Amino acid sequence: MRPLASVCLAGGLLISTTHIHAAGNPTEGRAVFENLCADCHTITPGKNKRGPALGGVVGRAAGTVKNYRYSEAIAKAGITWTPDRLARYITAPKTDLPGTKMRMLEKPTPQEVEDLIAWLQQNK
Ligand code: HEC
């Protein structure tokens with residue numbers, strides 16, 4: 001009886017913690033990444049394409065991937081990619097950081113941005 005009860009409790013805690021940290025749906029976020037980002041980005045550390053590798057990007061200082069040549073706009077931005085800061089950049093890179101080399105052909109919806117960030121947060 002008792003082991004079963006603690007398993008249930010642990011499960012409940014896990015679910016509620018997940019909700020606090022990520023409003024987005026990471027499974028959906030993975031699909032958004034494939035559609036809107038994967039032409040230019042991987043999440044594999046060290047594997048840069050047209051844009052820098054994005055594994056571990058949440059919480060990282062901007063412009064710090066090795067062997068990637070950033071624009072001055074990113075290199076000198078002096079920012080950290082918090083979820084809020086990422087959301088602004090992804091939604092409108094050229095207005096957010098004028099001079100950035102990143103161009104989004106299709107603007108993601110607010111829900112897509114949340115899902116995407118939830119997924120990126122899982123890929124450290
Ligand atoms: C057409 C190519 C292209 C697409 C599509 C694209 N990016 Fe980028 N991304 C770039 C380039 C190029 C840079 C480097 C920007 C610079 O140096 O100004 C960049 C930089 C970034 C950075 C800064 C990383 C760092 O190390 O500071 C983030 C975060 C980012 N992109 C996220 C995304 C996400 C999320 C998507 C999908 C929603 C996306 N990008 C779609 C080309 C692209």
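I started with H2 and H6, whose axes come within 7 Å and cross at roughly 100°. That makes H2 roughly perpendicular to H6 (65 to 115 degrees counts as roughly perpendicular, under 35 as roughly parallel, over 145 as roughly antiparallel, the rest as oblique). This is a predicted model, where local features need pLDDT of at least 70 and side-chain atom pairs count only at pLDDT 80 or more. Residues are numbered from 1 along each chain, and side-chain values use heavy atoms, without hydrogens and water.

Next I looked up who touches whom, contact meaning heavy atoms within 4.5 Å. From H2, Pro26, Arg30 and Phe33 are among the residues that meet H6, whose side includes Asp115, Leu116 and Trp119. I get 8 nonpolar, 2 polar and 4 charged residues for this contact.

Then I turned to H4 (residues 83-91), which packs against H6 (residues 110-122) at about 125°, axes 10 Å apart. That makes H4 oblique to H6. I noted Pro83, Leu86, Ala87, Ile90 and Thr91 in H4 meeting Val113, Leu116, Ile117 and Gln121 in H6.

Last, the iron: which protein atoms hold the iron atom of the ligand as donors? They are His41 (NE2) and Met102 (SD), 2.0 to 2.1 Å from the iron (donors are N, O and S atoms within 2.8 Å of the metal, or 3.2 Å for Na, K and Ca). His41 sits in the loop between H2 and H3 and Met102 in the loop between H5 and H6, so the pair ties together parts 61 residues apart in sequence.

Notes
Axes fitted to C-alpha atoms, helices over the stretch in contact; angles between N-to-C directions. Helix = DSSP H or I, 4+ residues; strand = E, 2+ residues; numbered from the N terminus. Nonpolar A, V, L, I, M, F, W, Y, C, P; charged D, E, K, R; others polar.
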